[in-house]
Amino acid sequence: MSKVIVIGGGAAGMMAAITAAKNKHEVILFEKNDKLGKKLYITGKGRCNITNASDMETVAENVVTNRRFLYSAFSNLTNTDVIEFFHELGCKTKVERGNRVFPVSDHSSDVISALARELNRLHVSVRFGMEVKSVIEEGGEFKGVTLANGSKVMADRVIIATGGLSYPSTGSTGDGYRFAKGLGHKVTELNPSLVAIHLKEDYVKSLQGLSLKNIEVKVTAGKPLQEEKAEEEGKKKKKKIKEGKELYSNFGEMLFTHFGVSGPVILSASSLLIPYMHSNELILHLDLKPALSKEQLDARILRDFEEFKNKQFKNALDQLLPQKLIGVIIAVSKISPEKKVNEITREERANLVSLIKDMQFSILRLGGYNEAVITKGGVSIKDVNPSTMESKLVKGVFFAGEVLDLDALTGGYNLQIAWSTAYTAGISV
């Protein structure tokens, strides 16, 4: 029986510890917080989107960074395996729109409790309030860890599952990156990902709280940024892209906030826009009626105008748009709100149709780590064995979860990465 240390009591850390313990290892889990799963507790708005029930090919397609690295891990532990695992632990699940899997109770605490019970059953030694300061390596082999109190704990293997930098209040402060660098690993450029998007237009404040469903969002490249501006922002020069190039397109739901937009289609957009933020201005396009062509929308507006022909323009859009959006659409359309609808010209109506089909906003910036669901970037996968999650540089060191340079879109895919990589590390120690 070998002695295994797991650093981090989040999703990946708990799964890695459980798997290693099931494989008859003596496991010690160090968690610097006073409880397990602090970040897991707030995922999915406190409901915990455990995984995605689509076929594994679709799951892989939703991985943004280093998809091929995950083939072994995904075959070792599939989404079906994850669902079955939680069912065996007494945590029943349900599948919602977009194949997102949640606990039946809608409480992330039930997911954490199930994992904690299993750790206890398997006699994993969970040590709270114990911060690991460094990983001890001698002659290319793992030897142990040094704790914040100065004591050393020796062991045969270590699984580093410390998470990233997102939601630092949960303890994600980048410790794993520091450990990896200390062991000679490269850490790729880090950015907050799956975040809200801040917009330049002041009027978005008036739309705060408005939720839109069945809309289409696109992002295109605007004018290239001047070199000085890119350098001012402290970023390496990025390759310019052609103005008008489509960078992202998706259909679904979103939400206006006091500073911009959020919601599933927006969070996924943020993950793909990071490489372009310092090369070009970016434009967000919103199609409020994607099911209708311009001609169909024009016919629909004509019908409404016929019905309300003696009404003022400001009172004639109630059946077409949400109340909160009407004032903004009127202002941007530049059609007088007092104008009678039977006086609106064909040209004005054409402009209204174009606006509803392509409402444009200027992207100011992406949200920071305090609101990021995940961290983009991490320990370079070039020096990690995809079949075992073991370091190619230091024998006995394994990585799992968000600390690695792996990330995916929203929908339960990032937790699937955590479970699969952790399970792979757990069976490989």
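**Figure 1. Met-389 sits in the loop between β19 and β20.** Strand β19 covers residues 374–376, and strand β20 covers 397–399. The model shown is predicted. Met-389 is not a glycine, yet its phi is positive, near 70°. Most residues other than glycine have a negative phi. Is Met-389 buried or exposed? Met-389 is buried, with a relative accessible area of 0%. The cut-off for buried is under 20%.

**Figure 2. Lys-334 lies in the loop between α11 and α12.** Helix α11 spans 323–333, and helix α12 spans 346–357. Phi of Lys-334 is near 65°. Here too the value is positive in a residue other than glycine. Lys-334 is exposed, and its relative accessible area is 72%. The cut-off for exposed is over 50%.

**Figure 3. Helix α1 packs with helix α6.** Two packed helices are described by the angle between their axes and the distance between the axes. Helix α1 is made of residues 11–22, and helix α6 of residues 108–121. Their angle is about 30°, and their axes are 10 Å apart. That angle makes α1 roughly parallel to α6, because angles under 35 degrees count as roughly parallel. The crossing of the two helices, α1 and α6, is left-handed.

**Figure 4. Side by side: the residues where α1 meets α6.** Which residues does α1 bring to the contact? They are Met-14, Ala-17, Ile-18 and Lys-22. From α6 come Leu-115, Glu-118, Leu-119 and Arg-121. Five residues of this contact are nonpolar and three are charged. None is polar.

**Figure 5. The whole protein, as context for the close-ups.** The protein has 13 helices and 21 strands. Its C-alpha atoms fill a box of roughly 85 × 50 × 35 Å along the principal axes. Of the 429 residues in the protein, 53% are buried. The accessible surface of the protein is about 19200 Å². Carbon and sulfur atoms hold 48% of that surface. How much of the contact count comes from residues 24 or more positions apart? Among contacts with a separation of 6 or more, such residues account for 76%.

Methods:
Residues numbered from 1 in each chain as written. Predicted model: local features only at pLDDT ≥ 70, side-chain atom pairs only at ≥ 80, totals over all residues. Heavy atoms only, no water. Axes fitted to C-alpha atoms, helices over the stretch in contact; angles between N-to-C directions. Helix = DSSP H or I, 4+ residues; strand = E, 2+ residues; numbered from the N terminus. Parallel < 35°, antiparallel > 145°, perpendicular 65-115°, else oblique. Left-handed = near helix turned anticlockwise from the far one by under 90°. Contact = heavy atoms within 4.5 Å. Nonpolar A, V, L, I, M, F, W, Y, C, P; charged D, E, K, R; others polar. Buried < 20%, exposed > 50% of the residue type's maximum accessible area, 1.4 Å probe, protein only. Areas by Shrake-Rupley, 256 points an atom, 1.4 Å probe, with all protein chains shown as cover.
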